[in-house]
Amino acid sequence: MNIINEMNLSFCAKSINESFARSAISAFVLSLDPTIGELSDIKTAVSEAVTNCIVHAYGYKGGIIYINARITDTGKVIIRVRDKGCGMENVKQAMEPLYTTGGEERAGLGFAVMQSFMDKVSVRSTPLKGTTVTMEKAIIRCAKNDREE
């Protein structure tokens, strides 16, 4: 598996930039000719990851969110969303559906949503240093075209 394209992006951890992140990832992935459903899945997962940075990592106090996206020669998209926020003591617990540290207004479904829309989601976190969420999704049209050649 070789990386054929890559982008890096950083922006302020503000709610107004969540749509920017979705749009940037969408534009980057369009070269793979994804279905509308695949594109929507990726945008939703990125939105959840970015929102987690804003709400949980930085507590709405600001910081920087870093996104790295890669496209492989097999049509796989690999997206890393990273923050340098508070980190998590217990990643396994944080990934449980309905678990939240964000108060009553938060549903606690961010990681569950990411997992349902992406093929693979992994999370690394260090308390007081930050969290990295890595998500992968194979774009079906690309994978199918590779098999036909």
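What share of the contacts in the protein with a separation of 6 or more comes from residues 24 or more positions apart? The share is 65%, where a contact means heavy atoms within 4.5 Å.

This is a predicted model: local features need pLDDT of at least 70, side-chain atom pairs count only at pLDDT 80 or more, and totals for chains, interfaces and linings use all residues. Residues are numbered from 1 along each chain as its sequence is written, and side-chain values use heavy atoms, with hydrogens and water left out.

**Whole chain.** Colour by secondary structure. There are five helices and five strands, in the order β-α-α-β-β-α-α-β-β-α. Helices (H or I, at least four residues) and strands (E, at least two) are DSSP runs, numbered from the N terminus. Of the 149 residues, 47% are buried, meaning under 20% relative accessible area with a 1.4 Å probe, protein chains only.

**Helix 1.** Select residues 18-29. Its end C-alpha atoms lie 17 Å apart, which agrees with the 16 Å that twelve residues should span at 1.5 Å a residue; the expected span is 1.5 Å times one less than the number of residues. Now show its buried residues: Glu 18, Ala 21, Ala 24, Ile 25, Ser 26, Phe 28 and Val 29. Their cover includes strand 1 (3-12), helix 2 (36-57), strand 2 (64-72) and strand 3 (76-83).

Select 120-126, strand 4. Val 121, Val 123 and Ser 125 form its covered face. Lys 120, Ser 122, Arg 124 and Thr 126 form the uncovered one. Ser 125 has Thr 131 of strand 5 as its bridge partner. End at the hairpin, with three residues between the strands. There, Leu 128 takes a positive phi near 70°.

Terms used: Buried means under 20% relative accessible area, exposed over 50%, partly exposed in between (1.4 Å probe, protein chains only). Two strands pair if DSSP finds at least two bridges between them.
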